Amino acid sequence: MNKPVLSAHFESRKPSAVRLAQMKYQERKVKPEAVINVGIGNVSLPTNPAMKKRMFELDAEGSPFAEGVIRYTGTAGTEECQEAFKNILKCEGFDTSKLFVQVTDGGSAAMEILVTGVCGPAGTDEKPLMMIDPAYTNYISFAQRLGRKTATVKRILNEDGNFTLPELDKIEEAIKKNNPGCLLVIPYDNPTGQLYDYETMKDLARLCVKYNMWMASDEAYRELHYAEDTKIVSIWGLSDKDVPGIEGRRISIETASKVWNACGLRIGGLVTDSPEFNNRAVAEYTANLCANAIGQYIFGALANETEEQIAAWAKEMRDYYRGLIMTVYNGLKEEEPGLIVSSPDASIYSVIDVRNVVKPGFKAIDFVLYCAQEGSAVIDGVETTLLVAPMNGFYDIENIEENPGRTQFRISFVESPENIAKIPKLFVELLRQFEAQR
């Protein structure tokens with residue numbers, strides 16, 4: 001009997017590089033005593049106190065869920081949840097008077113709507129999304145799902161751990177060649193931990209105006225920057241005074257997941273200063289009906305927080321992550337000086353490049369599978385393995401031999417401080433085991 005046929009997209013679909021290690025580890029028949037999973041940015045800290053209060057008191061007097069009824073909200077989201085996103089920006093010093101918010105099911109849904117809204121017709125090469133490689137894998141995945149194209153300009157990880165942006169003329173050449181509909185930037189970068197300064201943002205904004213593109217900024221980690229004198233960088237810090245013509249073409253991706261420690265809440269936002277883009281985004285999102293109603297209520301608590309409360313929370317998160325990142329950065333250098341570790345400037349990620357300490361033919365994906373399926377090392381008397389993400393999926397390059405990610409890994413600072421402190425020794429020991437058997 002014939003079987004029904006899968007779509008070509010489903011036939012070609014493979015698990016995300018970010019989730020692969022976890023999936024393979026779950027299939028492992030004989031597991032070690034412990035596993036440290038830093039392959040996924042799954043934040044393990046408690047959420048903000050104002051959000052936590054609402055989460056624990058859904059039946060409180062005045063709660064819309066006190067009677068156990070959970071109805072759809074409006075498609076654009078509740079007014080309070082929209083205001084929460086605006087309030088955070090306002091407390092950080094940005095003008096929100098002309099901003100519109102579409103609340104989505106996590107930042108991921110916002111990414112999908114963005115790609116649908118700024119790229120050319122499905123199934124064509126028209127108006128691709130332009131990204132700066134390496135870039136967060138989901139943008140590539142969503143573009144593929146939606147039949148839209150992506151185009152990239154590539155950064156290089158130098159020996160000193162700094163990623164270098166291409167020269168502006170090289171970026172401009174790529175724009176002329178590909179005619180993108182939108183330039184995506186991630187100022188507090190996932191996966192590299194690089195921080196874009198305002199001069200870089202202005203230079204890129206000028207190109208968006210010159211070539212009539214949208215400028216989209218993924219601001220999931222906006223508050224997480226680690227130099228003491230760093231000013232918050234945001235697309236909302238750009239204006240027509242800085243870059244004439246940039247207003248009306250700005251879009252940001254927002255989320256409750258990272259800074260607010262609520263990955264599983266699945267609340268995100270698409271913020272723009274373009275009424276037309278917002279109207280069409282809401283129209284498109286009517287097919288989704290609305291975002292998570294309970295999640296909107298919980299995140300909506302931030303609409304009532306003061307500037308001092310927002311600032312104090314952001315500082316607490318920065319201080320926490322700064323300590324973890326420096327522990328791993330310094331520890332890796334001590335365990336294996338030949339490793340290249342990306343500069344710990346922002347977000348909750350670092351990239352480790354092993355190109356100087358491995359034999360020719362090394363493939364990051366093979367090492368990841370080794371750790372997930374069979375590898376382990378004894379750390380503090382406990383048999384342990386480590387799950388990390390191979391970087392090849394963060395580059396929009398099909399040829400593995402030309403992909404810088406073949407010797408690179410992304411680690412996420414989402415485990416406990418005790419587990420994070422074990423990473424340098426564990427990573428290096430597993431790497432040496434793997435190399436010894438090749």
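First, the ground rules. This is a predicted model, where local features need pLDDT of at least 70, side-chain atom pairs count only at pLDDT 80 or more, and totals for chains, interfaces and linings use all residues. Residues are numbered from 1 along each chain as its sequence is written, and side-chain values use heavy atoms, with hydrogens and water left out.

Now the sheet. It is open, has 3 strands and runs in the order E1-E14-E13. The pairing is mixed. Strands here are DSSP runs of E, at least two residues, and helices are runs of H or I, at least four residues, numbered from the N terminus. Two strands pair if DSSP finds at least two bridges between them.

Which strands stand at the edges? Strand E1, residues 34-37, and strand E13, residues 377-379. Each has a single partner strand, so one side of each is left without a neighbour in the sheet. On average, neighbouring strands of this sheet are turned by 45 degrees against each other, direction ignored.

Look at E1 and E14, residues 382-387. They pair in the parallel sense, over 4 bridges. In E14, Thr384 is the bridge partner of Ala34.

Next, helix H14, residues 423-437. H14 lies across E1, E13 and E14, and runs at about 85 degrees to E14. Axes are lines fitted to C-alpha atoms, for helices over the stretch in contact; angles run from 0 to 180 degrees between N-to-C directions. Contact means heavy atoms within 4.5 Å.

On to Ser347. Ser347 sits in the loop between strand E11 (340-341) and strand E12 (349-353). Is Ser347 buried or exposed? Buried, because its relative accessibility is 0%. The cut-offs: buried is under 20% relative accessible area, exposed is over 50%, partly exposed is in between, with a 1.4 Å probe and protein chains only.

What does Ser347 touch? Leaving aside neighbours within four places in sequence, its contacts include Tyr188, Asp189, Gly193 and Ile325. The Ser347 side chain reaches the backbone oxygen of Asp189 at 2.9 Å.

Last, the cysteines. How many disulfides does the structure hold? The count is 0. A disulfide here is a pair of cysteine sulfur atoms within 2.5 Å. For Cys81, the nearest cysteine sulfur, that of Cys290, is 11 Å away. Cys81 is buried, at 0% relative accessible area. The closest cysteine sulfur to that of Cys91 is in Cys81, 15 Å away, too far for a bond. Cys91 also counts as buried, at 13%.

Methods
Polar contact = N/O pair within 3.5 Å; in protein donor to acceptor, adjacent residues only side chain to side chain.
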